[in-house]
Amino acid sequence: MKWKLTSDQMLVTGISLLLLSIAFIIILAVSQSRQVKETNNQVTHSQDIISGTEKLYALVFKNESSTKKYAVTGDKNLIGVIERNRKEIVDQLNRLNSLTSKMPVQNARVDSLTKIINKRIAFSNRVLSVLDAKGTEAAQAMMRTPEGTSFSEKIRLVADEIRV
């Protein structure tokens with residue numbers, strides 16, 4: 001038995017195939033759109049982590065340089081700058097912790113960074129105490145010790161790992 005299609009049947013079949021093709025293309029486009037949106041969200045999240053890490057590194061550098069400047073000049077106005085800077089560092093660390101909370105490896109790096117930065121801040125506090133108790137020369141000598149010079153490098157290394 002031969003199948004013979006009438007022109008109406010061929011038209012209906014053609015339109016049906018066309019509609020199925022259009023539906024498939026729409027479904028594919030929606031799927032791709034969702035994937036693009038998700039990828040965009042991931043890229044934006046990564047950029048937030050990178051820029052947050054860079055901002056944190058700049059804040060730590062500012063803390064170090066403000067402490068050094070205070071040790072050299074004795075300018076009491078810098079104490080307020082140092083205290084505000086510490087608060088900004090804590091805020092930025094909290095933000096990075098939040099951004100990496102669902103990323104165990106990155107969150108562990110932020111935890112490591114937090115420990116090193118807390119040691120850096122504690123060292124800066126000790127420098128300020130030495131400055132007040134023993135004077136400029138003692139504070140400057142303390143900053144030149146291996147402990148005083150190693151924090152920036154450690155912080156940079158961990159920050160670089162986070163940015164990768």
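Tutor: Two residues are in contact when heavy atoms of theirs lie within 4.5 Å, and in this predicted model that criterion picks out I82, R86, I89, L93, L96 and N97 in α2, which meet N107, V110, D111, T114, I117, I121, N125 and L128 in α3. The residues of this contact divide into 8 nonpolar, 4 polar and 2 charged.

Student: Why are α2 and α3 called roughly antiparallel to each other?

Tutor: The two helices pack at an angle of about 170°, with their axes 10 Å apart. An angle over 145 degrees counts as roughly antiparallel, and α2 and α3 are therefore given that description.

Student: What makes T114, one of the α3 residues in that contact, count as buried?

Tutor: T114, whose place is in helix α3, has a relative accessibility of 18%. Buried means under 20%, so T114 falls on the buried side of the cut-off. Leaving aside its neighbours within four places in sequence, T114 is in contact with L93 and N97, and both of these residues belong to the α2 side of the contact described above.

Student: How do you know that V90 counts as partly exposed?

Tutor: V90, which has its place in helix α2, shows a relative accessibility of 43%. Partly exposed is the range between the buried limit of 20% and the exposed limit of 50%, and 43% lies inside that range, so V90 takes the intermediate label. The C-alpha atoms of V90 and N118 are separated by 9.2 Å, although the two residues are 28 residues apart along the chain.

Student: Turning to another pair, what makes α3 roughly antiparallel to α5?

Tutor: Helix α3, residues 104–134, and helix α5, residues 146–163, pack at an angle of about 160°, with their axes 10 Å apart. That angle is over 145 degrees, so α3 is roughly antiparallel to α5. Their crossing is left-handed.

Student: Which residues in α3 and α5 meet, and how do they divide into nonpolar, polar and charged?

Tutor: On the α3 side the list includes V110, L113, I116, I117, R120 and F123, and on the α5 side it includes F151, K154, I155, V158 and I162. The residues of the contact of α3 with α5 divide into 10 nonpolar, 3 polar and 7 charged.

Student: Why is α3 called roughly antiparallel to α4 as well?

Tutor: The axes of α3 and α4 come within 7 Å and cross at roughly 155°. With the angle over 145 degrees, α3 is therefore roughly antiparallel to α4. This crossing is right-handed. F123, R126, V127, V130, L131 and K134 in α3 meet T136, A138, A139, M142 and M143 in α4, and the residues of this contact divide into 8 nonpolar, 1 polar and 2 charged.

Student: Which residues have the most contacts inside the largest nonpolar core, and which elements give two or more residues to it?

Tutor: The largest nonpolar core has 29 residues, and L56, I89, L113 and I117 are those with the most contacts inside it. The elements giving two or more residues to this core are α1 (7–73), α2 (77–99), α3, α4 (136–143) and α5, and α3 gives the most, with 10 residues. Not counting residues up to four places away in sequence, I117 touches L56, V60, I89, L93 and I155.

Student: What makes T67 buried?

Tutor: T67 is found in helix α1, and its relative accessible area is 0%. Since that value is under 20%, T67 is buried. Not counting residues up to four places away in sequence, T67 touches I82, S124, V127 and L128.

Student: How do you know that K76 counts as exposed, and that G74 counts as partly exposed?

Tutor: K76 lies in the loop between α1 and α2 and has 53% relative accessibility, a value over 50%, so K76 counts as exposed. G74, also placed in the loop between α1 and α2, has 36% relative accessibility, which lies between 20% and 50%, so G74 counts as partly exposed. G74 and D132 are 58 residues apart in sequence and 9.1 Å apart in space, C-alpha to C-alpha, whereas the C-alpha atoms of K76 and V36, 40 residues apart along the chain, are separated by 53 Å.

Conventions:
Residues numbered from 1 in each chain as written. Predicted model: local features only at pLDDT ≥ 70, side-chain atom pairs only at ≥ 80, totals over all residues. Heavy atoms only, no water. Axes fitted to C-alpha atoms, helices over the stretch in contact; angles between N-to-C directions. Helix = DSSP H or I, 4+ residues; strand = E, 2+ residues; numbered from the N terminus. Parallel < 35°, antiparallel > 145°, perpendicular 65-115°, else oblique. Left-handed = near helix turned anticlockwise from the far one by under 90°. Nonpolar A, V, L, I, M, F, W, Y, C, P; charged D, E, K, R; others polar. Core = buried A, V, L, I, M, F, W, Y, C linked by side-chain atoms within 4.5 Å. Buried < 20%, exposed > 50% of the residue type's maximum accessible area, 1.4 Å probe, protein only.
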